Amino acid sequence: QVQLVESGGGLVQPGGSLRLSCAASAIISNINVMGWYRQAPGKERELVASTTNVGTTNYADSVKGRFTISRDNAKNTVYLQMSSLSPEDTAVYYCNAKLWRGSGWFAYWGQGTQVTISS
């Protein structure tokens, strides 16, 4: 079982920046993939960015060049640095962890943190 706790959400003006944090109850270097997803009202949950424990990263086209995912293995924490924010980035942001346990993939979710971009 992996528990994930997000923090850092809030209200930001367009063009602003925000950093989200996801603290894991497990050693994240043992977690195959950690990622950030978001869900806007009336829309499906979508992948924003992910990072693997071998160092690869992946970004949604809509956030490339604006968002950066990073991990601090010593703190078992993954971050999402967001800049040049627009109202279209408004959503609940969820942290996700995926582990391969030999018999299949196991996925865990945080409770989500609200990000609102508005003037």
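This briefing describes the fold, the nonpolar core, the charged pairs and a few individual residues of the chain.

The model is predicted, so local features are given only at pLDDT of at least 70 and side-chain atom pairs only at pLDDT 80 or more, whereas totals for chains, interfaces and linings use all residues. Residues are numbered from 1 along each chain as its sequence is written, and side-chain values rest on heavy atoms, with hydrogens and water left out. The secondary structure comprises zero helices and 11 strands, where helices (H or I, at least four residues) and strands (E, at least two) are DSSP runs numbered from the N terminus.

**Overall fold**

- From the N terminus on, the order of elements is β-β-β-β-β-β-β-β-β-β-β.
- The radius of gyration of the chain is 14 Å, which agrees with the value near 14 Å for a compact globule of 119 residues; this radius is taken over C-alpha atoms, and the globule rule is 2.2 Å times the number of residues to the power 0.38.
- Taken along the principal axes, the C-alpha atoms fill a box of roughly 45 × 30 × 25 Å.
- Of the 119 residues, 45% count as buried, with buried meaning under 20% relative accessible area, exposed over 50%, and partly exposed in between (1.4 Å probe, protein chains only).
- Among contacts (heavy atoms within 4.5 Å) between residues at least 6 apart in sequence, 55% join residues at least 24 apart.

**Nonpolar core**

- A nonpolar core is a set of buried Ala, Val, Leu, Ile, Met, Phe, Trp, Tyr and Cys residues joined through side-chain atoms within 4.5 Å; the largest one here has 32 residues, of which L4, M34, W36, L80, M82 and Y93 touch the most other members.
- At least two residues of this core come from each of β3 (18-24), β4 (33-39), β5 (46-52), β7 (67-72), β8 (77-82), β9 (91-100) and β11 (113-117), and β9 gives the most, with five residues.
- Leaving aside neighbours within four places in sequence, Y93 is in contact with E6, L20, W36, Y37, R38, V48, F67, L80, M82, G112, T113 and V115.
- In soluble globular proteins, nonpolar side chains tend to be buried together.

**E6, a buried acidic residue**

- E6 belongs to strand β1 (residues 4-7) and is buried without a salt bridge, the nearest side chain of opposite charge being that of R45, 7.5 Å away; for charge, Lys and Arg count as positive and Asp and Glu as negative, while His and the chain ends are not counted.
- The side chain of E6 reaches the backbone nitrogen of C95 at 2.7 Å and the backbone nitrogen of Q111 at 3.0 Å.
- Beyond neighbours within four places in sequence, the contacts of E6 include W36, Y93, C95, Q111 and T113.

**Salt bridges**

- Four salt bridges are counted, each requiring a side-chain nitrogen of Lys or Arg within 4 Å of a carboxyl oxygen of Asp or Glu.
- D89 and R38 meet in one of them (2.9 Å, N to O), a pair that links the loop between β8 and β9 with strand β4 across 51 residues.
- D89 also forms a salt bridge with R66, with the closest N and O atoms 2.8 Å apart; because D89 lies in the loop between β8 and β9 and R66 in the loop between β6 (57-59) and β7, the pair ties together parts that are 23 residues apart in sequence.
- D89 has a relative accessible area of 1% and is buried, R38 is buried, and R66 counts as buried at 18%.
- R38, E46, R66 and D89 are linked in a network of salt bridges.
- D61 and K64 form a salt bridge with the closest N and O atoms 3.1 Å apart, and both residues are exposed.

- Y108, found in strand β10 (residues 105-109), is buried with a relative accessible area of 11%.
- Y108 and L4 are 104 residues apart in sequence, yet their C-alpha atoms are 7.6 Å apart in space.
- Not counting residues up to four places away in sequence, Y108 touches Q1, V2, L4, C95, N96, A97, L99 and R101.
- N76, in the loop between β7 and β8, is not a glycine but has a positive phi near 50°, and counts as buried at 18% relative accessibility.
- S84, in the loop between β8 and β9, likewise is not a glycine and has a positive phi of about 50°, but is partly exposed, with a relative accessible area of 45%.

Note on methods
A polar contact is a pair of N or O atoms within 3.5 Å; within protein, one must be able to donate a hydrogen and the other to accept it, and residues adjacent in sequence count only if both atoms are side-chain atoms.
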